[in-house]
Amino acid sequence: MQKLKFNELDSTHKRLVYELADEAETLTPRILAAASHIGELWELRFFFDHFSPGTPERAQLVKRLRPGSAATESILDCIHHAAPSYHTMGQRCDAELDELLALSDNAATGL
């Protein structure tokens, strides 16, 4: 898995890494080591927005991202283990697209 390099990120993504590391109570290199692409950083942001501090899902994810944890998983894997029922942004978009396509097919056949 290719890792992100901090010095290759733009200022928005660098700030995102700092914010995520702070919220996950971990170090920025641990966040970068768990991300193979920018999308994983954004998914972690959405996860933190979805689960407020103090929830069990968030606590488990934070635990997995801390230095010294046995987990060497990607961010998406950590999310899946922390909250198996959580749907990523990609999954939500796929579901919405399927609904729209079904509506489009129904409208086309009703003509």
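Q: How is the expected span of a helix defined?
A: This model is predicted.

Q: What distance does helix H1 reach from its first C-alpha to its last?
A: Helix H1 covers residues 11-23, which is 13 residues. At 1.5 Å a residue, the expected value is 18 Å. The reach from first to last C-alpha is close to that, at 18 Å.

Q: How far apart are the end C-alpha atoms of helix H3?
A: Helix H3 takes in residues 38-50, so its 13 residues should span 18 Å at 1.5 Å a residue. The distance in the model agrees with this expectation. The end C-alpha atoms are 19 Å apart.

Q: What arc do the buried residues of H1 cover around the axis?
A: The buried residues in H1 are His13, Leu16, Val17, Leu20 and Ala21. They lie on the same side of H1, because the arc they cover around the axis is only 130 degrees.

Q: Which residues are exposed on the other side of H1, and which helices are included in what covers the buried ones?
A: On the other side of H1, the exposed residues are Ser11 and Asp22. The cover over the buried residues of H1 includes helix H2 (28-34) and H3.

Q: Which residue caps the N-terminal end of H1?
A: The backbone nitrogen of threonine 12 has a side-chain oxygen 3.2 Å from it. That oxygen belongs to the capping residue, aspartate 10.

Q: Which elements give two or more residues to the largest nonpolar core?
A: The largest nonpolar core has 25 residues. Those with the most contacts inside it are Ile31, Leu41, Leu44, Phe47, Phe48, Leu61 and Leu65. The elements giving two or more residues to this core are H1, H2, H3, helix H4 (56-65) and helix H5 (75-82).

Q: Which residues does leucine 65 touch, not counting those up to four places away in sequence?
A: Leucine 65 is among the residues with the most contacts inside the largest nonpolar core. Leaving out residues up to four places away in sequence, leucine 65 touches Ala24, Thr26, Arg30, Ile31, Ala34, Leu44 and Cys78.

Q: How many residues apart are arginine 45 and glutamate 19?
A: The side chains of arginine 45 and glutamate 19 meet in a salt bridge at 4.0 Å, N to O. The pair links distant parts of the chain, with arginine 45 in helix H3 and glutamate 19 in helix H1; the separation is 26 residues.

Q: Is arginine 45 buried or exposed?
A: The cut-off for a buried residue is under 20% relative accessible area. Arginine 45 has 12%, so arginine 45 is buried.

Q: Which residues are linked in a network of salt bridges?
A: A search of the whole structure finds 6 salt bridges. Arginine 45 meets glutamate 19 in one, and aspartate 49 in another. The network links Glu19, Glu23, Arg45, Asp49 and Arg58.

Terms used:
Residues numbered from 1 in each chain as written. Predicted model: local features only at pLDDT ≥ 70, side-chain atom pairs only at ≥ 80, totals over all residues. Heavy atoms only, no water. Helix = DSSP H or I, 4+ residues; strand = E, 2+ residues; numbered from the N terminus. Expected span 1.5 Å × (residues − 1). Buried < 20%, exposed > 50% of the residue type's maximum accessible area, 1.4 Å probe, protein only. Arc of directions from axis to C-beta. Contact = heavy atoms within 4.5 Å. Polar contact = N/O pair within 3.5 Å; in protein donor to acceptor, adjacent residues only side chain to side chain. Core = buried A, V, L, I, M, F, W, Y, C linked by side-chain atoms within 4.5 Å.
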